[in-house]
Amino acid sequence: MTSNTQTLIQQIHEILDGKLDEQHAKSVAEAYIKTCERLDARIKQFTKLIREGYYYAALDVAQLAPSLNQTIQSIRFPREKEWNQFLVKIGLPTFSGFNDNELKRVKEICADSSLTQPNGYKDYRRAILQKDPERAVQALRQLHEDFPKDLNAKQELVRLETMVFENIDQNLKKLLQADDRNAILELVRQTKEQPWKIELHSEAWEKGTAVYREYEIQNKKSFLESSITQLKVIQRVGNWKDGEDLAKELRNSVREPAFERLDASDKRDWKTLDNWFQQQKSRAEAKQELQEQFAQFAAQLEPEPLQLSLKNLNRRQVKRYATDIQQNWESFATQLPDATTKLKPRYQEALQTLSKLGSIKKKSTNRRFIKSLFALPVIAIAAAFVIYARGQEAKLAAVLQEQYESSQLQAVKTSLNNWEKTTSRLLSNYNPFRNYSAHESVNEIQGWVNEIAAREGKVQELLGKIEISIEEGLNPSELRRVSLNINVVEELIISIPEVSAETDTRFQSLKSRVAEQRGNHIAGLRAGIEDGLTILDHMTEKFLDPKRINFERANDEISEVRAQINAVELIFRQSFEASSITDLKRRLEEKKAELSAYEVAIIELQNLERELPDSISSQEYKKKLQELASLPFSENNLVKLASALLQHEDKINNLARELLLPQNPLAWDQFQKSLDKPLYVEALNEKEMSVLRALSKPSVLKTIYRYNVFTYSMGQSVGGPSLIYSEGPVELINDQAQTRGNLLQKVQEFDPGKVGMGKPFSEKFYQCQVSVAGKPLEGSWLVEDRLSPESGFFKLLPELCLFDENTGTLGKPLLDVIDVIKSDSFMSPIFKAYLIQVCFNGMLYRPFDWGLNFSPTAQLEYKQLSAIKGNLYPYDWMRKSVQNRLLAPLADFFSNLSKTSYFDEARASRELFKQIASQRIRFGGFVDQEGEMHLLRSTPKDRKLFGLSTDGKMVMLRQSLVSDLEQKIPEPLLLTPLLFFNDPPQVILDRVTRTTGVEVNSPEFQAHLPEIFLP
């Protein structure tokens, strides 16, 4: 409650109690109404925010000091109704009142501690203020996870995630347009890793995820291929356990798309490998199970377990037990002959024990039977005591049973003594008077007591043996036996209900002494194993270093390492205690794995070196190269050559691109996209429009006139004629000037000095005195020549280009327009050069779409033209200085220009590129480590063979001629595959001629044809 509210409520109470005059009531009532109205507005704001789902903003309103709940409680007071009646009575306005439902809503929400605004909102708001939506999303995700009831966090999270995903979607669209595959993969991967609450869906996202799925499938396919190769090697070596995990992973991938894309040969190989691994595993599991069963069988033959198993058996059960053991022995003797041979003495001892115990059981049964016959008269005599005796025995048996169930050993022993005395006194030894159920229970308890006594005796016996063994000294085998005895004693002690303190102390002391000696023994073992592993580390570092491998001594070195591994492993096998040294065991396993991997790598290297010449396809050859490069022998010449070659793998995979456009991989993509389009652009972009407007809308050039200016004196021509260019025809100032012998002519004459100012034509007046007959006498006289040929060509140009100014479209290739321009023989060479310059500038933004990159003649001749002309402007052909400098060299250039049609050449070249790009690339052989060529028998002799040279370029390495003449060829990159196109060059050229109608076999066309495509 604020001090103002407290004061206000206090004043209201004083007015109602008559302590203040009514004149104060008006000011107090106004203050009270304003306070209530402000509070009501705050309540309504809170309710509105809650209703719209903005919980965090509503909680801000509620928690702002003073809190909303506190303010409501302070403004409401018990005499509120009395106060309103008082105000009505004196004629003052009252507050209309709060909405009870809204007050209830405020109370419920503010009382719900789970909706208290968490501190995480600070991080969220800070991120929003810093315009960091990604960090804001992270804060909201954490809030939603910590406070699932906070609906505002969920709503805000959905809103922000939608905004973030929209930004991602925009970026993804740009990357898809740019075809930036790596950036697409990275963006999709980062997006998929985020825990989105919204469903990601858009056209760009579907395309991006499709690219990512394809990437994952290709990666998984490569992994599966390499895994199958590795499993093949493992199968050859024979250690199937090394590939068990890998085979399991492959088995789980059978239904994945990547597996479906494997070659049929790989699938067949995997099926064979899988069957082999399954058979090996089944055999190993069966062998392991058989060994475990044999171990259990051997344990049953030990004297002590055998005695315990036969203790409570009768003669028939002993006989059956012996039969089972004999049958098991015969089965194990067939499957494990070596193991049963070692166990045979113990087995024979067990059979003797079984035979002896069976005869003892029989005698014991006969004695009990004879004794029962002599007891019959006694039972008959004691028949009168049956009811009494049975009742007493039942009571004693019940007490004994209760003590037995609670494992009170001493009490049970005392009760058994009482039982014996009582039953003896009641002649209970005579069967007719015995309570058989009670006796059966007591016999069971007596057996338990006897068993406990036997255990106590066994404990004392084993403790004595342990003490003797310790005093005599414990060797490793004795230590193991004593440790096992300690475990047996501990189990026996646990099974005895009440163990004496003396026995327990004695056992703990012996246990500590054995543990100490065992610890010392393990420490000694550890030291010995560590020494062996240290030697093994030095040996593996020296012998198993792939960078310093000596293949001539590899087998001997591997044998030395394996011998050291066996020596260390022998310690583990011979010493049971060594099994607890798990860290060293792990180190040994790592060394074994390292040796195995090294052996596998050597075998694989030898196999690949042998199998490499047998490759019959580029895919098979490349696969073997990749396997070679993946081997750890980085200093091996073959591995180094394979690694160096695979650095140019992209060039090998894109033979056509490397031969056609080797310097510009991006241009290849543009070329691919332009294959099915006409050699012009129908819809011009803004840059092309700005360039080509110079051809389509030069309003000045459309109306240029040419005049000869003559100067007359005394009726004779004394100067000229000089040539001028005018914006329009001559304008006579007035017709009556001729009647007075004066002629005044006005013209917008070309002024070369104002070209750069954008006003190349200036107003000029020519005045000439004429005779009555109209002949010039004095002054300058303009004689109209004709419209310039340049102006006439400009009038024709929009129609020639099929240009539509309204739609901004062009209907004719600019290369075809250039062919028309360069063939014109009337216009100024300077003006022709300017027009060609504009056309070329219009094609530079999309040279593949316009066909410019398919016309080498056009590119070459324009380069020569540019070296002469520099940069021209529309009016340069009218400028004297430009004419003096360029007219003669440009006229000479155009007179010697080739007659090749740029457009026809572009059509034919693009068709040639298209034919080459669609050709099947075939594998013809490879270059070996010595630089010799290995060709397949199926390689045609009339094909050009292409491969990588030592400078990493794709070149023609050999051309088989009929005469078999030696030719100079570039030095090949070792191991480079030799590739060739399916069709001979002449077949491809003839096909281009038929398709385009252009004679590509002509000398003019072949002058610019790449040498590799010449017949």
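This is a predicted model: local features need pLDDT of at least 70, side-chain atom pairs count only at pLDDT 80 or more; totals for chains, interfaces and linings use all residues.

**The chain as a whole**

The protein chain contains 40 helices and 13 strands. Of its 1015 residues, 41% are buried. Among contacts between residues at least 6 apart in sequence, 67% join residues at least 24 apart.

**Confidence**

The mean pLDDT of the protein chain is 77, and 84% of the residues score at least 70. The pLDDT is below 50 over residues 360-385, a stretch with 21 contacts in the model beyond near neighbours in sequence. Residues 960-966 also stay under 50, and for them the model has four contacts beyond four places in sequence.

**Selected residues**

Which residues does Ser828 touch, leaving aside its neighbours within four places in sequence? The contacts of Ser828 are with Glu790, Trp877 and Leu887. The relative accessible area of Ser828 is 13%, and since values under 20% count as buried, Ser828 is buried.

Most residues other than glycine have a negative phi. Met714, although not a glycine, has a positive phi of about 60°. The loop that holds Met714 runs between β1 (705-713) and β2 (716-726). Leu975 is likewise not a glycine and has a positive phi of about 75°. The place of Leu975 is in the loop between β12 (954-959) and β13 (977-981). Are these two residues buried or exposed? Met714 is exposed, with a relative accessible area of 72%, whereas Leu975 is buried, at 1%.

Two further residues are found in helices. Gln278 belongs to helix α14 (residues 264-300) and is partly exposed, its relative accessible area being 33%. The C-alpha atom of Gln278 is 9.9 Å from that of Lys248, which is 30 residues away along the chain. Thr422 sits in helix α20 (residues 409-425) and counts as buried at 13% relative accessibility. Between the C-alpha atoms of Thr422 and Leu396, 26 residues apart along the chain, the separation is 8.8 Å.

**Packing of helices**

Two packed helices are described by the angle between their axes and the distance between the axes.

| Helix pair | Angle between axes | Distance between axes |
|---|---|---|
| α25 (residues 582-611) and α26 (residues 618-630) | about 150° | 10 Å |
| α36 (residues 856-869) and α38 (residues 902-917) | roughly 135° | within 8 Å |
| α38 and α39 (residues 985-996) | roughly 130° | within 9 Å |

Angles over 145 degrees count as roughly antiparallel, and α25 and α26 are therefore roughly antiparallel to each other. The crossing of α25 and α26 is left-handed. In the contact, Glu604, Leu605, Leu608 and Glu611 of α25 meet Lys624, Glu627 and Leu628 of α26. By class, the residues of this contact divide into three nonpolar, no polar and four charged.

Helix α38 takes part in two of the listed pairs. With α36 the relation is oblique. Pro856, Thr857, Ala858 and Glu861 in α36 meet Tyr902, Glu905 and Ser909 in α38. The contact of α36 with α38 has three nonpolar, two polar and two charged residues.

At its crossing of roughly 130° with α39, α38 is oblique to α39 as well. The crossing of α38 and α39 is right-handed. On the α38 side the contact involves Arg907, Ala908, Glu911, Leu912, Gln915 and Ile916, which meet Ile988, Leu989, Arg991, Val992, Thr995 and Thr996 in α39. This contact of α38 with α39 has six nonpolar, three polar and three charged residues.

Technical notes
Residues are numbered from 1 along each chain as its sequence is written. Side-chain values use heavy atoms; hydrogens and water are left out. Axes are lines fitted to C-alpha atoms, for helices over the stretch in contact, and angles run from 0 to 180 degrees between N-to-C directions. Helices (H or I, at least four residues) and strands (E, at least two) are DSSP runs, numbered from the N terminus. Angles under 35 degrees count as roughly parallel, over 145 as roughly antiparallel, 65 to 115 as roughly perpendicular and the rest as oblique. A crossing is left-handed if the near helix is turned anticlockwise from the far one by less than a right angle, and right-handed if clockwise. Contact means heavy atoms within 4.5 Å. Ala, Val, Leu, Ile, Met, Phe, Trp, Tyr, Cys and Pro count as nonpolar, Asp, Glu, Lys and Arg as charged, and the others, Gly among them, as polar. pLDDT is the predictor's confidence in each residue, from 0 to 100. Buried means under 20% relative accessible area, exposed over 50%, partly exposed in between (1.4 Å probe, protein chains only).
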